[in-house]
Amino acid sequence: MAPLIALIVGTTLARLAGLAGVDALDGWHAALRVGLALLFVVTGLAHFAGRRRAGLIAMVPPGLPRPDLLVTLTGVLELAGAVGLLIPATARPAAAGLALLLLAMFPANVSAARRKLTLAGRPVTPLPQRTILQIVFVATAAAISFGP
């Protein structure tokens, strides 16, 4: 739920800043870039934080090599993508790359839900809710990638 909250709060605060006169944030497209960047900062940092990291490593589907390295790599990509979203010249390709990353990581979410894993001591998001969240996140990234 924290990623969705980050997306909503980040987008709303950025849009309000745009309405208050911050030219760089004047418009929904710019506000969405900030909200999605905040989402990926939240999720990216989780790849390196104690119990969350251990839970993310456990989420990697069995059979994939070096789950620890995959979690580190995806965390770095999420953080780099977040930075890319905030730079107008790189925002579109960053959003497209993050959408692809979300799609590539979705099987780990499916696997974790089916195996009833926990993340930092709490059950992972059930698959129906996770699927809806995934659609929202990918749609947001697509809107940035293909938007104005």
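This is a predicted model: local features need pLDDT of at least 70, side-chain atom pairs count only at pLDDT 80 or more; totals for chains, interfaces and linings use all residues.
**Ground rules.** I number residues from 1 along each chain as its sequence is written. Local features need pLDDT of at least 70 and side-chain atom pairs pLDDT 80 or more, while totals for chains, interfaces and linings use all residues, and side-chain values use heavy atoms, leaving out hydrogens and water.

**Fold.** I looked up the secondary structure and found six helices and two strands. Helices are DSSP runs of H or I with at least four residues, and strands are runs of E with at least two, numbered from the N terminus. The order along the sequence is α-α-α-α-α-β-β-α.

**Dimensions.** I read spans of about 50 × 25 × 25 Å for the C-alpha trace along its principal axes.

**Burial.** I find 44% of the 148 residues buried, meaning under 20% relative accessible area with a 1.4 Å probe, protein chains only.

A nonpolar core here joins buried Ala, Val, Leu, Ile, Met, Phe, Trp, Tyr and Cys residues through side-chain atoms within 4.5 Å. The largest has 19 residues, and Leu 36, Leu 39, Phe 40, Leu 85 and Phe 137 touch the most other members. Two or more residues each come from α2 (28-46), α4 (67-86), α5 (91-114) and α6 (127-146). I note that α5 gives the most, with seven.

**Phe 137.** I checked its contacts (heavy atoms within 4.5 Å). Beyond neighbours within four places in sequence, Phe 137 meets Pro 3, Leu 4, Leu 7, Leu 36, Leu 39, Leu 102 and Arg 130.

**Second core.** I also found a separate core of 10 residues, including Leu 56, Val 60, Leu 119 and Val 124.

Note on methods:
Buried means under 20% relative accessible area, exposed over 50%, partly exposed in between (1.4 Å probe, protein chains only).
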